Amino acid sequence: MTTTPLPFPQTASTPVGPVVPLPTGVRIDRFVVEQTLHQGPHGFAYRVREPGHQQPLVLLECFPRALAIRQPDGAVRARQAGDAIALSVVCEAFVQDARALAAVDHPGVIKVFGVINANRTVYRLMPYIDGQTLEEQRLERADAPTVGGLVRLYDKLLDALEALHKAGFVHGLVQPDQILMKADDNAPLLLGMDGVAMELGEMTMSPWAAPEQQQTTRFERINASADLYMLAATMCFAATGAAPPRAEERLTSAAWNPAVLLADLPLGGGDSVALRDALIQAVVASLALAAPARPQSANDVRHILHPQG
């Protein structure tokens, strides 16, 4: 990978340090950073623009904080010499996820235009889409969504997952902070996949992960039913605003019952009790702790949601 020299400190509008984003005004390849949109444990998302073009874009920088620090020239390096190989492996997982997303053309899956090597790390180039994550949107909402609204959300996310699965990929990171609700039409958009989280061993801490994800290594792969488990857990959050217990907690206690949590969801205009029952059945079936006991495809879940076709 090549390092792009950055004109620090002359154009830096924010400090540069071990875990800070790049300053505004800095170039990454042919793009100029306008704003830091998001700071997470795996990296930074920047709104960028190519000089002479009107349309803003997003560059997602691979910067796993557990392994990486920022050098004074903006480049990324391993925190310690022993982290160098792990950082390289994480960057490769980041690239593999980018290639998978680039291969799927579906309105419910984020589009990746390409990968840029710069600053001794890698970046994904993506469209800039205004909106909030499902997590942000739900936590701002005081009242529960209607059954019909939840079913429409479920259907759209099933469509997106089906496109990924048919292309031969498993998302592995279906959770509220990885679903963007677009500002123009409130349609959901699946964001990043699980490659980096898997390499960092973070799935063991996730309340969204299926039991098998907490035991899977990077040399193995989960199947589509794990995505369906994660989607059902996400639907519980969309309904209640609360995260489910981790799978290992569910394995040792039967106290959490999603059917009870969803039983009093409000019916909207045109909604029926039968639709609420179908939603509950789809969620409960998809949250089976044993992978073979779950629906095995998005279409299987659809048949439960819409038994009349």
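The model I am reading is a predicted one.

**Second largest pocket.** I looked up this pocket and found about 330 Å³ of space in it. Of the 16 residues that line it, Q137, G149, L153, M181 and N186 are the closest to its centre. Helices α2 and α3 (147-166) are the elements that give two or more residues to this lining, and α3 gives the most, with five residues. By class, I noted eight nonpolar, four polar and four charged residues here.

**Largest pocket.** I then turned to the largest pocket, whose volume is about 1,100 Å³, and which is lined by 38 residues, with H38, L60, D177, Q178 and L191 lying nearest its centre. The elements that give two or more residues to its lining include β2 (31-40), α1 (84-103) and α4, while the largest share, four residues, comes from β4. By class, I recorded 20 nonpolar, 10 polar and eight charged residues for this lining.

**Aromatic rings.** I noted three aromatic pairs. W208 and F237 form an edge-to-face pair, 5.9 Å centre to centre with 90 degrees between the planes. Because W208 lies in the loop between α4 (195-199) and α5 (224-240) and F237 in helix α5, this pair ties together parts that are 29 residues apart in sequence. W208 counts as buried at 9% relative accessibility, and F237 counts as buried at 5%. I also noted that F44, Y46 and F63 form one aromatic cluster, and that R124 lies over the face of F94, at 4.2 Å from the ring centre.

Terms used. Residues numbered from 1 in each chain as written. Predicted model: local features only at pLDDT ≥ 70, side-chain atom pairs only at ≥ 80, totals over all residues. Heavy atoms only, no water. Phe/Tyr/Trp six-rings, centres within 6.5 Å; stacked < 30°, edge-to-face > 60°. Buried < 20%, exposed > 50% of the residue type's maximum accessible area, 1.4 Å probe, protein only. Lys NZ or Arg CZ within 6 Å of the ring centre and 35° of its normal. 1 Å grid on protein atoms, 1.4 Å probe; cavity = no way out; pocket = protein on both sides within 12 Å on 5 of 7 lines; lining within 4 Å. Points joined across faces, edges and corners; volume = space filled by probe spheres on them. Nonpolar A, V, L, I, M, F, W, Y, C, P; charged D, E, K, R; others polar.
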